[in-house]
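User: Hey, could you walk me through this structure? I'd like to start with the charged pairs and then get to the sheet.

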Amino acid sequence: MRNVLKRNSMRFAAALLVALASFVTAPNAALGAAPSHHGQAPGFYRLQVGDLEVTALYDGTGVFDPHWLNGTKATMDGVVKALHEDPHMLDVADTGFLVNTGKQLILVDVGAGTWWGGAAFGRLEGSLHSAGYTPEEINVVLVTHLHSDHVGGLTTQDGKRVFPNADVYVAKAESDFWLSPEIAAKAPKDAQPFFQSAQAIAAPYIKAGKWHTFSGSKQILDGMQLVPLPGHTPGHTGYEFSSKGQKILFWGDIVHALRVQLEHPEVTAVFDIDPTAAAATRNQLLPKLAREDVLIAGPHMNFPALGRFHQDGSGYSWAPVVFTDQ
């Protein structure tokens with residue numbers, strides 16, 4: 001009996017050694033069978049500005065075509081050379097921003113939806129859900145201007161309001177320009193899509209009595225100041241929120257190509273209706289923002305599109321917010 005037990009024990013020990021050896025010699029085969037996960041973290045980022053909770057909402061990422069920039073030959077030759085060395089130099093994002101005041105939920109620009117950039121954009125609504133909010137909860141949408149990459153998220157292609165309970169506010173000069181059939185009829189052919197999309201996007205809100213315009217420095221919301229930013233479009237407007245001595249400026253399209261226009265603020269974009277005024281606005285605004293250390297929300301900065309400017313020689317440097325989970 002004792003011999004039988006001894007033989008069985010030896011067989012078990014040998015089998016165990018074989019099993020362990022197979023595990024040690026081929027662990028990677030088992031691990032390699034695990035599928036890859038291609039998704040990223042949800043597309044939102046929160047931070048506090050005084051008592052305000054500000055959430056950046058990712059809509060998508062694209063590339064700014066160098067042919068969309070206008071500058072001197074020397075500057076543009078430098079851009080082309082730099083782009084060969086760094087193909088990601090003109091990468092841009094499209095971002096909207098949610099401001100929770102404790103009393104209202106306010107969106108500043110809403111991304112492209114399905115009106116610009118194809119499948120590259122249109123993620124803002126999903127980002128809003130990931131951040132813990134729903135479109136039905138939004139009270140106010142502030143529009144910097146009516147280019148479709150900033151307002152496309154308002155309306156579906158079949159004419160439904162994405163934010164059914166929100167009042168939309170836009171500068172009167174902006175609304176009058178893009179929603180005018182007479183101006184649209186006289187516009188160049190390549191500008192026609194901008195008019196068509198603006199009119200289709202605005203239509204359901206106008207019909208519902210949810211489309212509002214403002215002029216001058218009219219007070220729309222407590223703790224928020226209108227900042228006229230002429231040049232890019234006829235009524236291009238920024239929104240500066242203040243709370244407990246802290247400020248954040250939502251500035252629309254003051255800068256498209258960050259790494260070009262901070263070094264060369266005189267460089268303009270083909271989308272600027274008045275390039276001279278757009279460059280002048282940028283040259284006036286940047287030193288002020290750098291001096292006052294104002295937090296900037298720039299829709300086309302790399303996500304989360306929040307940061308500050310610092311003077312850097314004759315140009316400026318961008319200091320993005322540093323990630324924190326607090």
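This is a predicted model: local features need pLDDT of at least 70, side-chain atom pairs count only at pLDDT 80 or more; totals for chains, interfaces and linings use all residues.

User: How many salt bridges does the structure hold?

Analyst: There are eight salt bridges in the structure. One of them joins the side chains of lysine 73 and aspartate 77, with 2.7 Å from N to O.

User: Where do aspartate 77 and lysine 73 sit relative to each other in helix α3?

Analyst: They are four residues apart in α3, which covers residues 73–85, so about one helical turn separates them. As background, side chains of opposite charge can pair when their charged atoms come close.

User: What does aspartate 158 form a salt bridge with?

Analyst: Its partner is lysine 160, and the closest N and O atoms are 3.2 Å apart. Both aspartate 158 and lysine 160 are exposed.

User: Which residue forms a salt bridge with arginine 308?

Analyst: That would be aspartate 293, with 3.4 Å between the closest N and O atoms. This pair links distant parts of the chain, as the two residues are 15 apart: arginine 308 belongs to strand β14 (residues 306–312), while aspartate 293 is in the loop between α10 (275–292) and β13 (295–297).

User: How accessible are arginine 308 and aspartate 293?

Analyst: Arginine 308 has a relative accessible area of 31%, so it counts as partly exposed. Aspartate 293 is also partly exposed, at 41% relative accessibility.

User: OK, on to the sheet. In what order do the six strands of the open sheet run?

Analyst: The order is β9-β10-β11-β13-β14-β15, with mixed pairing. At the edges are β9 (224–228) and β15 (315–320), each of which pairs on one side only. On average, neighbouring strands of this sheet are turned by 35° against each other, direction ignored.

User: How many bridges join β11 to β13, and do they run parallel or antiparallel?

Analyst: Three bridges join them, and the two strands run parallel; β11 covers residues 246–250. Phenylalanine 250 has alanine 297 in β13 as its bridge partner.

User: Which strands does α10 lie across?

Analyst: Helix α10 lies across β11, β13, β14 and β15, and runs at about 100° to β14.

User: Switching topic: is threonine 268 buried or exposed?

Analyst: Threonine 268 is buried, since its relative accessible area is 7%, and buried means under 20%. This residue is found in strand β12 (residues 268–269).

User: What is threonine 268 in contact with, leaving aside neighbours within four places in sequence?

Analyst: The contacts are Trp68, Leu69, Asn70, Gln261, Pro275, Ala279 and Arg282.

User: Last one, glycine 62. Which strand is the place of glycine 62?

Analyst: Glycine 62 is in strand β2, which covers residues 52–63. With 17% relative accessibility, glycine 62 counts as buried.

User: And what does glycine 62 touch, not counting residues up to four places away?

Analyst: Glycine 62 touches Leu90, Asp91, Val92 and Phe121. Glycine 62 and aspartate 91 are 29 residues apart along the chain, and their C-alpha atoms are separated by 6.0 Å.

Technical notes. Residues are numbered from 1 along each chain as its sequence is written. Side-chain values use heavy atoms; hydrogens and water are left out. A salt bridge is a side-chain nitrogen of Lys or Arg within 4 Å of a carboxyl oxygen of Asp or Glu. Buried means under 20% relative accessible area, exposed over 50%, partly exposed in between (1.4 Å probe, protein chains only). Contact means heavy atoms within 4.5 Å. Two strands pair if DSSP finds at least two bridges between them. Axes are lines fitted to C-alpha atoms, for helices over the stretch in contact, and angles run from 0 to 180 degrees between N-to-C directions.
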